[in-house]
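Please keep the viewer open as you read.

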Amino acid sequence: MAEILVLAEHDGETVKKVTTELLTLARAHGDPAVVWTGDGAEGARARLGEFGATKVYVAGSADYSDYLVAPKAELLAHLIAAKAPAAVLVAATSEGREIAGRLAVKTGSGVLTDVIGLTADSDSGGLVGQQSIFGGAITVQSRVRAGTPIIAVRPNAVTPETAPGAAEIEPVSLTVSDEAKTARVTGKVVAERGERPELTEASIVVSGGRGLGSGEHFALIEELADSLGAAVGASRAATDAGWYPHQFQVGQTGKTVSPQLYVAIGISGAIQHRAGMQTSKTIMVVNKDPEAPIFELADFGVVGDLFKVVPQLVAEIGKRAAG
Amino acid sequence: MNIVVLVKQVPDTWSERKLRASDSTLDRDAADAVINELDEYAIEEGLRLVEAHGGEVTIISMGPEKATDAIRKALSMGADKAVHVTDEALRGSDGLVTSAVLAKVLGRTGFDLVILGSESTDARMGTLAAMLAERLRLPQMSFASKLETDGSKISIHRQADYGYDTAEAALPAVVSVVEKINEPRYPSFKGIMAAKKKPVETLSLADLGLAADEAGLSASATEVISFANRPPRAAGTIVTDDGDGGVKAAEFLAARKFI
């Protein structure tokens with residue numbers, strides 16, 4: 001089988017969950033070969049092998065993190081030329097989609113973004129990507145018909161499954177061109193978010209909205225999130241009001257999430273918000289307005305005062321955890 | 001500074017958005033058309049830079065004839081002039097083709113800075129800034145939540161899941177913005193009146209030296225094979241809190257094995 005390149009997302013030590021999802025997806029259509037930039041490949045090798053990686057191409061240069069996007073696209077273009085893979089998979093994060101975009105231009109290839117599944121076309125055997133568009137209203141089957149298919153996969157769309165792979169390390173010697181080193185990263189500012197999982201990767205997300213009434217009340221959302229091991233999200237009304245940092249916004253102008261469980265607290269469910277969460281598997285809602293459109297999506301909803309319902313829920317979760 | 005802001009007309013998120021059964025392209029007649037929301041932030045940022053450094057803001061938009069509404073909106077906010085790329089042969093163009101056409105236009109107009117919204121609310125690919133930077137061989141300063149420039153170099157806060165990165169580059173550059181960057185102004189009555197007299201140049205593919213078969217659905221590197229409307233969610237259980245709403249919610253979570 002031909003190789004499928006999987007660009008690893010990692011923090012220099014740990015592989016992100018989305019990479020294990022990509023490996024699971026790639027395995028069904030070829031031999032998954034991980035592309036690793038920067039340090040940490042040796043340490044992560046076992047984990048990559050656990051999810052079926054046959055090879056790990058390692059490009060260790062610091063250029064890949066010192067400059068935005070372009071060096072990684074250059075590396076993938078080099079590997080496409082050298083290894084002739086059947087496809088390239090990246091995570092549909094902001095950076096992953098941008099890498100996909102540059103790579104598409106470099107190689108004259110088609111790119112599908114925000115893919116939630118991959119199947120093989122029954123006639124041609126080529127890859128067909130499933131995409132969920134217009135806030136989940138329409139599911140589209142698409143294919144790439146030029147170059148090497150570049151597929152950006154939405155985090156949390158695939159359940160990672162283990163299958164052993166050799167994860168053989170192969171160093172890649174490539175000098176990043178000066179042209180790819182024009183947008184220099186000068187610093188990194190990490191916002192306080194405690195030990196919570198990342199919003200787009202989390203299997204449970206608890207979001208708060210206008211009903212919270214103030215930034216201080218987001219402590220209630222954080223408390224519920226922590227009792228569930230969840231990430232915290234916020235509606236646009238809440239981020240626009242400055243109650244919670246903008247990068248946690250879920251919706252049309254923020255993040256798209258599809259966790260196993262989405263809990264919407266004090267969120268009315270304007271279309272702008274629903275566009276970012278309605279593909280969640282299970283949705284629970286607490287809102288005082290029984291007419292709020294968010295209830296249309298709810299698997300379970302409580303009409304009531306969130307300042308009474310949420311503390312009781314947190315206490316009950318605590319009781320069950322203790323008992 | 002010579003600033004170009006890219007503007008896209010999109011179907012309004014608040015109306016029902018559909019694909020055409022015949023060729024799986026966007027049904028532009030089904031939904032109200034509006035300016036892509038994030039583009040308003042790009043326009044605002046361009047206007048602020050010109051107010052601080054002098055120069056002018058040029059709007060470039062690719063789209064059908066009625067995209068003039070989005071262009072007029074941009075001009076009424078205060079942009080100086082516009083270029084409208086419109087051609088029946090462009091219909092169905094994917095991201096790769098769109099970026100090729102826009103790069104051609106940008107080559108004609110020249111610029112110190114290209115600013116665009118980080119994604120459109122219809123396609124939501126979020127790849128155009130990266131594609132343009134690649135085609136124009138320019139630095140990519142994308143997902144900016146803050147932008148500073150002295151006219152020769154630019155530094156940004158690049159929004160990330162963990163907070164933000166700081167990044168810098170020399171001009172000219174391609175910038176994409178997120179909504180945190182500013183608060184777009186509303187067009188004034190005076191601005192709306194003035195916009196009617198501002199120059200809008202209309203370009204066809206031929207004007208750009210491109211053949212009809214270099215654009216549109218047939219030239220695109222991707223294609224939609226089929227689509228289906230998502231079935232509506234089954235109605236859930238809604239309870240009214242009688243003092244035990246939190247307990248009932250916990251019972252639901254336990255039944256679904258979340259706790």
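Among the elements of chain B, strand 2 (residues 9-11) of chain B has the lowest mean pLDDT, 85, while strand 10 (residues 173-177) of chain B has the highest, 97. Here pLDDT is the predictor's confidence in each residue, from 0 to 100, and helices (H or I, at least four residues) and strands (E, at least two) are DSSP runs numbered from the N terminus. Chain B as a whole has a mean pLDDT of 92, with 100% of its residues at 70 or more. For the complex, the predictor gives an ipTM of 0.90 and a pTM of 0.89.

This is a predicted model, in which local features need pLDDT of at least 70 and side-chain atom pairs count only at pLDDT 80 or more, whereas totals for chains, interfaces and linings use all residues. Residues are numbered from 1 along each chain as its sequence is written, and chains are lettered from A and ligands numbered from 1 in the order in which they are written.

Now to chain A, whose secondary structure comes to nine helices and 15 strands. Of its 323 residues, 59% are buried, meaning that 20 or more other C-beta atoms, placed from the backbone, lie within 10 Å of the residue's own.

Next, find the open sheet of six strands, in the order 12(A)-11(A)-13(A)-14(A)-15(A)-13(B), with parallel pairing; two strands pair if DSSP finds at least two bridges between them. Its edge strands are strand 12 (231-234) of chain A and strand 13 (237-240) of chain B, each pairing on one side only. From one strand to the next, the twist averages 15 degrees. Helix 6 (residues 218-228) of chain A packs on this sheet, touching strand 11 (204-208), strand 12 and strand 13 of chain A, and its direction makes about 170 degrees with that of strand 11 of chain A. Such angles run from 0 to 180 degrees between N-to-C directions, with axes fitted to C-alpha atoms, for helices over the stretch in contact. Within the sheet, five bridges join strand 13 (residues 261-265) of chain A to strand 14 (residues 282-287) of chain A, and A:I265 stands opposite A:V286.

What does each chain bring to the contact? Chain A gives 77 residues and chain B gives 66, where two residues are in contact if their C-beta atoms, placed from the backbone, lie within 7 Å. Elsewhere, seven bridges join strand 7 of chain A to strand 12 (residues 222-229) of chain B, and these run antiparallel. In that pairing, A:T139 has B:A228 as its bridge partner.

Conventions: A residue is buried if 20 or more other C-beta atoms lie within 10 Å of its own, exposed if 12 or fewer, and partly exposed in between; C-beta atoms are placed from the backbone.
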